[in-house]
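Work through the exercises below with the model open. Try each task before reading its solution.

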Amino acid sequence: MSQAPTVLVTNIGELVTPVGPGPRRGPAHGHVRRLPDAALAVRGGHIIWVGPRAEWSGQADGEVDVGGRVVLPGLVDPHTHAVWAGDRLDDFEARARGTAYEEILAAGGGIYHTVRRTNDADDAALIALAAGRLRRLARSGATTVEVKSGYGLEIEAELRLLRVIGRLHQEVESHVVPTLLVHVPPKEERDTYVEAVIGRLLPTVAREGLAQAVDIFVEREAFSVAEAERVLRAALAHGLAVKLHADQFHAIGGVELGVRLGALSVDHLEASGEAQIAALASSSTVATILPGVSLHLGLPPAPGRALVDAGAAVAVGTDLNPGSSPLFSAQLALALAVRLNGLTPAEALVAATVNAAAALGLQDRGRLEPGCRAHLLVLNSRDWRDLAYTLGADDLIAHIIVEEEML
Ligand code: NIG
Ligand code: FE
């Protein structure tokens, strides 16, 4: 029987990895293993051995020499809205002149504007736009990227977006994880809409396997806790995992609902306070912070430091979207989590790797350990902390390796 070839990634100046699957919390949140002069063996898309280079005694069919550089796990971006058409440049300018994001949304612009532009675009245009964005995220180190629907609004339009997302893997090397996002209610007949989501959208998504998780935006200008609870309980009944956009502008109970329902993650948390931090610390739900939103909208940063100190598992994502976070770099999201949210570089690395994977229900990536997928970053540096330190350098990441493809 022929076996897949073994490839040895060698001459690694420093190999750095979280230890064990996510979600990591407490002291493990800030712990990474640093292994100097290391090597790593890959077979069939998985890591089969990691250790000091001098200790490799196996037979390799090929070698990749990384020239003494740092090797890290590929980053996981657990929160993007990468499929949209049109732009939000008018909103951007209006906000610069003092109009609030929520005001624009309440007036039927913002997300609703992007819904109209997205529904006007055909599948080929949406795929080309999204693939370009995912390639930029890959260059920033993201080897797994979650992509949400959410700019369709109508039931058929949301299904179309999920089918578009399902085709993106043909265009890009990074792994794409699709999520159904129930984003905002229509301006009229919202009860009918919630019924249609429950009665038609969720069963189709579950039956066709279009997503493994359902997300909903709980906010004054979006869905209430009661509406979200109905949608998410129906999702759970179909065997789908759940997650929420919660506490972005107001802490109205989204976090508590997520914790109660055993959500994979609650995301945003810019308005979270002590009660929400305590609820997350005593739950299995990952707290996903999105520093690009604080930067772009000028919101208070989510309390990353307090969450880690309380014992919550924190993940970090770009929230790539046209309205609240036009951030095309997973590395920069990690670096901003140190500046804006008070994480240490090691905590931020754990947040962007194993904890981000856990926010997607994945345990097989985000760390360089035997059995995990061979998703690697090669850093143009000899000290891994450059990953958290550097802002805006396009040559920081030398390569990403996704399975055996070196890019
Ligand atoms: O994660 N908060 C809701 N949804 C997105 C923004 C989408 C948009 O503004 O187009 C977010 O911030
Ligand atoms: Fe979002």
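**Exercise 1. Strand pairing**

Task: Which residue is the bridge partner of V266 in β12?

Solution: In this predicted model, local features need pLDDT of at least 70, side-chain atom pairs count only at pLDDT 80 or more, and totals for chains, interfaces and linings use all residues. Residues are numbered from 1 along each chain as its sequence is written, chains are lettered from A and ligands numbered from 1 in the order in which they are written, and side-chain values use heavy atoms, with hydrogens and water left out.

- Step 1. Find the partner: V266 bridges to A287 in β12.
- Step 2. Check the strands. β11 (residues 265-268) and β12 (residues 286-289) run parallel and are joined by 3 bridges. Two strands pair if DSSP finds at least two bridges between them.

**Exercise 2. Two helices**

Task: At what angle do the axes of α5 and α6 cross?

Solution: 

- Step 1. The axes come within 10 Å and cross at roughly 30°.
- Step 2. Classify the angle: α5 is therefore roughly parallel to α6. The classes are roughly parallel under 35 degrees, roughly antiparallel over 145, roughly perpendicular from 65 to 115, and oblique for the rest.
- Step 3. List the contacts. I155, E158, L159, L162 and R163 in α5 meet a set in α6 that includes Y193, A196, V197 and E208.

**Exercise 3. Salt bridges**

Task: Which helices hold E208 and R163?

Solution: 

- Step 1. Set the rule: a side-chain nitrogen of Lys or Arg lies within 4 Å of a carboxyl oxygen of Asp or Glu. The count comes to 20 salt bridges.
- Step 2. E208 and R163 meet at 3.0 Å, N to O. E208 is in α6 (residues 190-208) and R163 in α5 (residues 155-167), 45 residues apart.
- Step 3. Check exposure. Buried means under 20% relative accessible area, exposed over 50%, and partly exposed in between (1.4 Å probe, protein chains only). E208, at 41%, is partly exposed. R163, at 36%, is partly exposed.
- Step 4. Take another pair. E229 and R260 form a salt bridge, with the closest N and O atoms 3.4 Å apart. E229 lies in α7 (residues 225-237) and R260 in α8 (residues 254-261), so the pair ties together parts 31 residues apart in sequence. R260 counts as exposed at 53%.
- Step 5. Look for a network: salt bridges with shared partners join E14, R34, D383 and R385.

Note on methods: Helix = DSSP H or I, 4+ residues; strand = E, 2+ residues; numbered from the N terminus. Axes fitted to C-alpha atoms, helices over the stretch in contact; angles between N-to-C directions. Contact = heavy atoms within 4.5 Å.
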